[in-house]
Amino acid sequence: MLIATNVQGHAVKQPSQPEIDTMLANLGQGDHLILERRDEGRAGDWYIQVLFRDDNTYQLEYRDGVPAEHYQTVTASQDKARQTLLDWAAETPDWRDGLVWNNIGAMFGALPVEATDQPTP
């Protein structure tokens, strides 16, 4: 099931293209929109999100199941952000095309374990 959630916590199940368009168009600076795919047979987190930044650019991020598969890009084009969201929602095979995605999965890795001089019981 696809769920769209805005910064105010308003969630729409199975959002239509016009609903996604409206939610994106209504973003204020610092606001975000998340499209999340929730399927019982699919483990992990599957989502795409967009943040309308203070410099009037759109920061998009997506995760394909696990933290190591977390990617980010930035575009100045609302139209490009919109099309990316819609193509992801429709599971269009080439939805990533047209933007340069950077893997930021290392930011979400496990925290380092602090070494101690004490023996482990």
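At the start of helix H2, a side-chain oxygen of Ser 77 comes to within 3.3 Å of the backbone nitrogen of Asp 79. The model is predicted: local features need pLDDT of at least 70, side-chain atom pairs count only at pLDDT 80 or more, and totals for chains, interfaces and linings use all residues. Residues are numbered from 1 along each chain as its sequence is written, and side-chain values use heavy atoms, with hydrogens and water left out.

Confidence is given as pLDDT (the predictor's confidence in each residue, from 0 to 100). The protein has a mean pLDDT of 89, and 89% of its residues reach 70 or more.

| Element | Residues | Mean pLDDT |
|---|---|---|
| Strand S7 (lowest) | 102-103 | 93 |
| Helix H2 (highest) | 78-89 | 97 |

Helices (H or I, at least four residues) and strands (E, at least two) are DSSP runs, numbered from the N terminus. The 12 residues of H2 reach 16 Å from first C-alpha to last. Buried residues (under 20% relative accessible area, 1.4 Å probe, protein chains only) of H2 include Leu 85, Leu 86 and Trp 88. Among the elements that cover the buried residues of H2 are S3 and S4. After H2 comes Glu 91, with a positive phi near 55°.

Tyr 47 belongs to strand S4 (residues 45-52). Tyr 47 is buried, because its relative accessible area is 14%. Leaving aside neighbours within four places in sequence, Tyr 47 is in contact (heavy atoms within 4.5 Å) with residues including His 70 and Trp 88. Tyr 47 and Asp 64 are 17 residues apart in sequence, and their C-alpha atoms are 7.1 Å apart in space.

Technical notes. Buried means under 20% relative accessible area, exposed over 50%, partly exposed in between (1.4 Å probe, protein chains only). The expected span of a helix is 1.5 Å times one less than its number of residues. A polar contact is a pair of N or O atoms within 3.5 Å; within protein, one must be able to donate a hydrogen and the other to accept it, and residues adjacent in sequence count only if both atoms are side-chain atoms.
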